[in-house]
Amino acid sequence: MDSFALWRVWAVASIFVAPVTLMAADEVAPSSMSMQEAWTYGGGLMWVLAALSFLAVALVVYLLLTLREGQIVPRSLVRDVMENLSSDKLGDARRLCEDRPCAYSAVALSALDTLKQTPNCDSSALNETLVAEGTRQADAVQSTVQWLADLGGIAPMVGLLGTVLGMLTAFGSIATDIAAARPVVLAAGVSKAIVTTIFGLGIAIPCLLAHAWMRRRATRQIARLEAASAQLGALLSGKYCK
């Protein structure tokens with residue numbers, strides 16, 4: 001499945017899982033609530049869930065654009081940088097990295113800065129610089145992907161909050177005065193509990209699926225960055241280090 005297809009599947013699932021569930025229930029029981037009624041019963045928490053859903057969709061689109069090989073480790077940039085370094089053109093290699101910011105550029109620039117500041121540095125110091133900057137870039141990629149897991153954990157918690165508030169509304173009316181408890185109040189409370197839970201899970205499940213897929217994608221890109229960094233370190237150590 002390509003990236004665009006995955007995004008379409010995830011977006012449809014995250015926004016429409018709950019409505020589809022409610023429409024299916026409406027076919028079984030004609031007296032079931034409509035989408036407008038479900039939104040009304042959910043109350044203010046529905047806006048919170050909607051915001052989480054749109055944030056998740058935006059995050060997936062962002063990750064699809066940034067977790068590409070051409071964004072993390074551009075093949076053409078790696079080739080050009082290695083050719084310039086092999087020809088002792090450190091200035092040209094630096095300009096290439098500065099003109100095309102990416103994770104690989106950051107690693108290469110850190111190595112070139114180390115060579116500039118310490119002309120006679122040993123290979124261990126250079127490798128430490130490469131590892132440190134590579135780790136920082138990898139952490140930045142993984143932390144962005146982690147946001148999907150965070151949203152996948154927050155959404156059902158918001159739904160659970162709606163469940164608690166709904167049940168409090170339902171049983172609070174009974175506790176106040178069992179004789180005055182109206183069925184409509186009980187129904188509204190139970191409906192809020194059910195609706196917020198459905199929508200919360202409808203957002204969380206696609207978020208966690210997208211997180212699993214994006215995490216594997218990020219791992220592959222980080223592995224490519226490590227390989228390119230090791231190749232860079234070997235070349236620089238052989239030519240410019242003691």
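Modeller: A residue is called buried when its relative accessible area is under 20%, exposed when that value is over 50%, and partly exposed in between, with a 1.4 Å probe and protein chains only. The model is predicted, so local features need pLDDT of at least 70 and side-chain atom pairs count only at pLDDT 80 or more, while totals for chains, interfaces and linings use all residues. Residues are numbered from 1 along each chain as its sequence is written, and side-chain values use heavy atoms, with hydrogens and water left out.

Helices (H or I, at least four residues) and strands (E, at least two) are DSSP runs, numbered from the N terminus. Helix α5 covers residues 75–86, and its 12 residues reach 17 Å from the first C-alpha to the last, close to the expected 16 Å; that expectation is 1.5 Å times one less than the number of residues. Within α5, the buried residues are L77, V78, V81, M82, N84 and L85. Seen down the axis of α5, these buried residues fall within an arc of 165°, so they line one face of the helix, the arc being that of the directions from the helix axis to the C-beta atoms. D80 also lies in α5, but with a relative accessibility of 26% D80 counts as partly exposed. The C-alpha of D80 is separated by 7.5 Å from that of A93, although the two residues are 13 apart along the chain.

After α5 comes D88, which is found in the loop between α5 and α6. The phi of D88 is near 65°, a positive value in a residue other than glycine. As background, most residues other than glycine have a negative phi. D88 counts as partly exposed, at 48% relative accessibility.

In one of them, the side chains of D92 and R95 meet at 2.1 Å, N to O. Both residues lie in α6 (residues 90–99), three residues apart, which is about one turn of the helix. D92 is partly exposed at 31% relative accessibility, and R95 is also partly exposed, with a relative accessible area of 47%. In the other, the side chains of R94 and D113 meet at 2.9 Å, N to O. This second pair links distant parts of the chain, with R94 in α6 and D113 in α7, 19 residues apart. D113 counts as partly exposed, at 30% relative accessibility.

C97 deserves a word as well, since it is buried, with a relative accessible area of 1%. Its sulfur is 7.3 Å from the closest cysteine sulfur, in C102, which is too far for a bond. The structure as a whole holds zero disulfides, a disulfide being a pair of cysteine sulfur atoms within 2.5 Å.

Helix α7 spans residues 103–117, and its 15 residues reach 21 Å from the first C-alpha to the last, close to the 21 Å expected. Of those 15 residues, 12 are buried, so α7 is largely enclosed by the rest of the structure. Among the buried residues of α7 are Y104, V107, L109, L112 and L115.

Turning to the whole chain, there are nine helices and zero strands. Buried residues make up 41% of its 242 residues. Where contact means heavy atoms within 4.5 Å, 77% of the contacts between residues at least 6 apart in sequence join residues at least 24 apart. The chain exposes about 13000 Å², of which carbon and sulfur atoms supply 64%; accessible areas come from the Shrake-Rupley method with a 1.4 Å probe, and for residues only the protein chains shown count as cover.

R136 and E133 both lie in helix α8 (residues 123–176), three residues apart, about one turn of the helix. E133 counts as buried, at 14% relative accessibility.

Notes. A salt bridge is a side-chain nitrogen of Lys or Arg within 4 Å of a carboxyl oxygen of Asp or Glu.
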